[in-house]
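Visitor: I have a structure open and want to learn to read its features. Where do we start?

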Amino acid sequence: MYDGLSRPPLSTPARRRPALRAAALALSAALLAAGCGSSGNGADGEAGSSGAPGSAEGFPVTVENCGVKTTYDEPPSRVVTIHQHPAELLLALGLKDRMVGTAFPDSAVLPELEKDYEAIPELAKKEPSFETVLEAEPDLVYGGYGSAFAENEGRSRKAFTDAGIDTYLNREYCGGEKGVTMRDTYDEIRTVGKIFGVPDRADALVADLQDRVGEASSAVKGESKVPVFVYDSGDKSAFTAGGKGLGSELIDLAGGENVFADLDEVFGDVSWEQVVERKPEVIAIYDYEGAGNVERKKEFLLGQPALAEVPAVKNKRFVVLPLTATLVGIRSAYAVEDLAKALHPQSVR
């Protein structure tokens, strides 16, 4: 999992993902025009309570996020997102009018969100400085990777709290013993929907993503699991997805099996000898700037004599996933679809 330190920087667009379903986006637009919805109790420890006289409907809302408890007396109105997946989630919920800054794009924006995304000021190509964020005068900063709130760079959550600014961190970085699953994606969307007073939009978006995952998983039900090796980067060793990350679950839902699911990490290094021993039939290449582009990665894999008899290399079976599609956000459902088509082309059209 990218933490802003161990991975190379992300900046160059990866391939675009399929469009969100028109129905969900239409509903978001309609709800945006109609105003905010009500809030209630739900995931991530948030507890909605009846608002005091004059408060927004359904507020205040209290959220426990990665050990930080925040009470929102009203929906945030000036939000800065750090990293792309939080920005796309807010846009998919029809919250463009609340966004005053974005930072650190790591892939091409979904086509239907591109116009709105480009209309929001980009504060920095990577994580912005604390001072740059303050200049945007946000009332909430929503971070995607843990590095959004890097203490050694002056952007700790406490620093923002002391400045009177609320923070929210993507739950993938809350830590804990359990791995990340699609449930975390759905809970993330619902929690953000409650914070912004738009739970109906969140429910509609979750339903759409669940339908996509359900359809892809149903199509491959009964098929033999295809062994998959995730190649993130590396030459002397392979940096791959372990069993604690969302990527492993995406492979499973698509009718595959992560050959390094027993790696008790989100990401970790393994030897090429281990890759050869586990005989993956498909290699999922994570696409992002800083670790070589996809074609160079393919050339590297195909050019290694030690990998020549690995089924995936021998048969040139590769599937490319933008790193953003493997994170807790709106794209993970599409990753399941793409993986299912690559692993079981005879069953998924």
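**Reading the contacts**

Guide: This is a predicted model. The structure holds one disulfide.

Visitor: Which cysteines does the disulfide join?

Guide: Cysteine 66 and cysteine 174, with an S to S distance of 1.9 Å. The torsion about their S-S bond is about -75°, so the disulfide is left-handed.

Visitor: Where do cysteine 66 and cysteine 174 lie?

Guide: Cysteine 66 is in the loop between strand 2 and strand 3, and cysteine 174 is in the loop between strand 8 and helix 6, so the pair ties together parts 108 residues apart in sequence. Strand 2 and strand 3 run antiparallel, joined by five bridges. In their hairpin, cysteine 66 takes a positive phi near 55°.

Visitor: Is cysteine 66 buried or partly exposed?

Guide: Partly exposed, at 26% relative accessible area. Cysteine 174 is partly exposed too, at 32%.

Visitor: Now the rings. What describes a pair of aromatic rings?

Guide: The distance of the centres and the angle of the planes. A search of the whole structure finds twelve aromatic pairs. In one of them, phenylalanine 267 and tyrosine 286 have centres 6.1 Å apart and planes at 75°. Planes over 60 degrees apart count as edge-to-face, so this pair is edge-to-face. Phenylalanine 267 is buried at 13%, and tyrosine 286 is buried at 2%.

Visitor: How are the rings of tryptophan 272 and phenylalanine 300 arranged?

Guide: Their centres are 5.8 Å apart and their planes at 55°, so the pair is tilted. Tryptophan 272 is in helix 9 and phenylalanine 300 in helix 10, 28 residues apart.

Visitor: Which charged end sits over the ring of tyrosine 231?

Guide: That of lysine 297, 6.0 Å from the ring centre.

Technical notes:
Residues are numbered from 1 along each chain as its sequence is written. This is a predicted model: local features need pLDDT of at least 70, side-chain atom pairs count only at pLDDT 80 or more; totals for chains, interfaces and linings use all residues. Side-chain values use heavy atoms; hydrogens and water are left out. Two strands pair if DSSP finds at least two bridges between them. Helices (H or I, at least four residues) and strands (E, at least two) are DSSP runs, numbered from the N terminus. A disulfide is a pair of cysteine sulfur atoms within 2.5 Å. Buried means under 20% relative accessible area, exposed over 50%, partly exposed in between (1.4 Å probe, protein chains only). Rings of Phe, Tyr and Trp (its six-membered ring) pair if their centres lie within 6.5 Å; planes under 30 degrees apart count as stacked, over 60 as edge-to-face and the rest as tilted. A charge sits over a ring if NZ of Lys or CZ of Arg is within 6 Å of the ring centre and within 35 degrees of the ring normal.
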